[in-house]
Amino acid sequence: MEDPRKQKGTCEMCGGHNRDLRILAIDDFIGWACEECRQQLHDCLPRRFCSSGEHSEPSE
């Protein structure tokens with residue numbers, strides 16, 4: 001079964017074709033973005049962009 005959070009196609013940020021894509025929601029953008037665009041955003045906005053797998057610890 002395919003992961004519904006991933007698809008292959010054209011990146012909505014850079015326009016790259018036939019890329020592995022994941023959904024990205026940041027500021028006023030919600031769309032499909034390739035890993036290269038996601039990595040560039042992660043590098044330039046380290047505290048504003050968190051991977052969907054990153055979790056914070058619950059407070060006690």
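## Salt bridges at the strands and the helix

At 55% relative accessibility, D20 counts as exposed, where exposed means over 50% relative accessible area, buried under 20%, and partly exposed in between, with a 1.4 Å probe and protein chains only. This is a predicted model, in which local features need pLDDT of at least 70 and side-chain atom pairs count only at pLDDT 80 or more, while totals for chains, interfaces and linings use all residues. Residues are numbered from 1 along each chain as its sequence is written, and side-chain values use heavy atoms, with hydrogens and water left out.

D20 forms a salt bridge with K8, and the closest N and O atoms of this pair are 2.8 Å apart; a salt bridge here is a side-chain nitrogen of Lys or Arg within 4 Å of a carboxyl oxygen of Asp or Glu. Because D20 lies in strand β2 and K8 in strand β1 (residues 6-9), the pair ties together parts that are 12 residues apart in sequence. K8 is exposed, with a relative accessible area of 53%.

By this rule the count comes to 2 salt bridges. E36 forms a salt bridge with R19, with 3.5 Å between the closest N and O atoms, and since E36 lies in helix α1 and R19 in strand β2, the pair ties together parts that are 17 residues apart in sequence. E36 is partly exposed at a relative accessible area of 46%, and R19 is partly exposed at 28%.

## Strand order and pairing

The chain has 1 helix and 3 strands, and along the sequence these follow the pattern β-β-β-α; helices (H or I, at least four residues) and strands (E, at least two) are DSSP runs, numbered from the N terminus. β1 and β2 pair in the antiparallel sense over 4 bridges, where two strands pair if DSSP finds at least two bridges between them. Within this pairing, the bridge partner of Q7 is L21 in β2.

β2 and β3 also run antiparallel, joined by 6 bridges, and L24 stands opposite G31 in β3. The hairpin of β2 and β3 has 2 residues between the strands, and in this hairpin D27 takes a positive phi near 50°.

In helix α1 (residues 35-44), C37, R38 and L41 are buried. Seen down the axis of α1, these buried residues fall within an arc of 100°, so they line one face of the helix; the arc is that of the directions from the helix axis to the C-beta atoms. On the other side of α1, Q40 and D43 are exposed. The buried residues of α1 pack against β2 (19-26) and β3 (29-34), with contact meaning heavy atoms within 4.5 Å.

## Nonpolar core and totals for the chain

The largest nonpolar core has 10 residues, namely C11, L21, L24, I26, F29, W32, A33, C34, C37 and L41; such a core is a set of buried Ala, Val, Leu, Ile, Met, Phe, Trp, Tyr and Cys residues joined through side-chain atoms within 4.5 Å. The elements that give two or more residues to this core are β2, β3 and α1, and the largest share, 4 residues, comes from β3.

Buried residues make up 23% of the 60 residues in the chain. Of the contacts in the chain with a separation of 6 or more, 11% are accounted for by residues 24 or more positions apart. The accessible surface of the chain comes to about 5,100 Å², of which 49% belongs to carbon and sulfur atoms, as given by the Shrake-Rupley method with a 1.4 Å probe.
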